[in-house]
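Subject: Structure handover

Hello,

Here is the structure I promised to pass on. Please open it alongside this email, and my notes follow below.

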Amino acid sequence: MAHFLILGCGWVGEAFAQLAIDRGQEVTVTVTSAEKAQRLQAQGLNALVHDFDQSTDLLLKDLHFDYILNSIPASKKNDLPTLENRFRNLYHALEGLTYQKHIYLSSIGIYPEQSRSFDESFAIEEEMSKHLLLAEKQMWSLPDTIVYRLGGLFGQERIFAKYFQGKVCQSGQQSANFIHLDDVIQLLWLGFTQSLSHATYNLVCPQHPKKEDVIRASAAKYGYDLPAVFEEDVSYDKVVIGERIARELSYTFAYPSPLDF
């Protein structure tokens with residue numbers, strides 16, 4: 001039995017925790033709300049309340065974790081000094097722990113909004129998101145760390161068409177760089193339990209239909225209204241390539257296209 005630590009147990013963290021519990025693993029999680037901690041405790045998780053903006057001390061230094069899933073956010077809603085403090089605290093908390101592998105969840109939003117394809121070899125830091133790059137660099141300074149850059153995340157109640165009902169859609173002709181929650185969870189499990197040879201991976205569906213086509217498909221599938229109008233108003237079409245992780249793990253996507261969500 002392995003012991004997982006999930007830092008910042010949000011939507012992805014909860015889904016992964018359930019998978020781990022179902023497979024007989026031990027799971028400890030951190031959240032920022034006492035109410036959420038109580039709910040997760042009732043589901044069989046060891047849930048701790050902790051805010052990395054305030055403190056570094058996790059009170060876990062006597063425990064060994066096999067794997068750490070880290071989804072502490074580096075949101076653009078926060079200014080850079082706030083994020084510097086958050087990830088400095090997070091670094092100091094993790095450097096006091098023993099573990100085999102640490103996966104940090106970042107975002108393909110780190111790549112610039114340009115009309116081109118991006119894979120993990122892109123390294124022009126001046127063009128990357130300052131917020132996400134700050135977080136990734138701090139996490140890479142820890143041993144045995146891998147960064148997963150997630151595409152637009154959907155599944156369960158997150159249905160793309162739902163967010164455009166009756167509204168003006170101005171991005172319909174952009175390519176969809178999305179991924180389904182079910183694929184993320186499986187790629188996390190495989191990433192922890194199998195060997196990976198790189199430090200960074202994009203997690204994105206192999207297929208990139210236009211967003212308008214995804215909206216129409218999900219609206220038809222789930223019974224949502226279409227946008228009031230598709231009115232093109234974007235000047236770039238970014239495509240993010242995620243072949244590296246599928247190739248290394250010999251992984252077949254459950255949802256190879258956002259049209260399947």
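Is Ser-115 buried or exposed? The model is predicted, so please read everything below as computed from it. Ser-115 has 52% relative accessibility, and the cut-off for exposed is over 50%. Ser-115 therefore counts as exposed. Ser-115 sits in the loop between β5 and β6 (117-118). Val-239 is 124 residues away from Ser-115 in sequence. In space, the two are 7.7 Å apart, C-alpha to C-alpha.

Now the start of the chain.

Strand β1 covers residues 3-7. Strand β2 covers residues 26-31. The two run parallel and are joined by 5 bridges.

Strand β3 spans residues 46-49 and pairs with β2 in the parallel sense, over 4 bridges. Here Thr-30 has Leu-48 in β3 as its bridge partner.

How many of the 6 residues of β2 are buried? The count is 5. Strand β2 is therefore largely enclosed by the rest of the structure.

Next, the aromatic rings.

The whole structure holds 19 aromatic pairs. One of them is Phe-4 with Phe-192. Their centres are 5.5 Å apart, and the planes stand at 80°, which is edge-to-face. Phe-4 is in strand β1, and Phe-192 is in helix α5 (residues 181-193). The pair links distant parts of the chain, 188 residues apart. Both residues are buried.

Phe-192 also pairs with Tyr-67. These ring centres are 5.3 Å apart and the planes are at 45°, so this pair is tilted. Tyr-67 lies in strand β4 (residues 67-70) and Phe-192 in helix α5, so the pair ties together parts that are 125 residues apart in sequence. Tyr-67 counts as buried because its relative accessibility is 12%, and the cut-off is under 20%. Phe-192 is at 2%, so it counts as buried as well.

There is also a ring cluster to look at. Ring pairs link Phe-154, Phe-160, Phe-164, Phe-178, Tyr-255 and Phe-261.

Helix α5 has another residue to check: Ile-185. At 6% relative accessibility, Ile-185 counts as buried. Ile-185 and Gly-13 are 172 residues apart in sequence. Their C-alpha atoms are 8.8 Å apart in space.

Then the largest pocket.

What is its volume? The value is about 1,200 Å³. The lining has 48 residues. Lying nearest the centre are Ser-106, Ser-107, Gly-109, Leu-132 and Leu-150. By class, the lining divides into 20 nonpolar, 19 polar and 9 charged residues.

Several elements each supply at least two residues of this lining: α1, β2, β5 (101-107), α4 (130-140) and β8 (152-154). Which of them gives the most? That is β5, with 4 residues.

Last, two backbone points in loops.

Asp-144 has a phi near 55°, a positive value in a residue other than glycine. Asp-144 is in the loop between α4 and β7 (145-150). Its relative accessibility is 48%, so Asp-144 counts as partly exposed.

Gln-156 is not a glycine either, yet its phi is positive, about 50°. Gln-156 lies in the loop between β8 and β9 (168-169). At 52% relative accessibility, Gln-156 counts as exposed.

For a quick tour, go to these places. Begin at β2, which is paired with β1 and with β3. Then visit Phe-192, which pairs with Phe-4 and with Tyr-67. Finish at the largest pocket, with Ser-106 among the residues nearest its centre.

Best wishes

Definitions and conventions: Residues are numbered from 1 along each chain as its sequence is written. This is a predicted model: local features need pLDDT of at least 70, side-chain atom pairs count only at pLDDT 80 or more; totals for chains, interfaces and linings use all residues. Side-chain values use heavy atoms; hydrogens and water are left out. Buried means under 20% relative accessible area, exposed over 50%, partly exposed in between (1.4 Å probe, protein chains only). Two strands pair if DSSP finds at least two bridges between them. On a 1 Å grid over the protein atoms alone, a cavity is a set of points where a 1.4 Å probe fits but cannot get out, and a pocket is an open set with protein on both sides within 12 Å along at least five of seven lines; lining residues have an atom within 4 Å of a point. Grid points are joined across faces, edges and corners, and a volume is the space filled by probe spheres set on the points. Ala, Val, Leu, Ile, Met, Phe, Trp, Tyr, Cys and Pro count as nonpolar, Asp, Glu, Lys and Arg as charged, and the others, Gly among them, as polar. Rings of Phe, Tyr and Trp (its six-membered ring) pair if their centres lie within 6.5 Å; planes under 30 degrees apart count as stacked, over 60 as edge-to-face and the rest as tilted.
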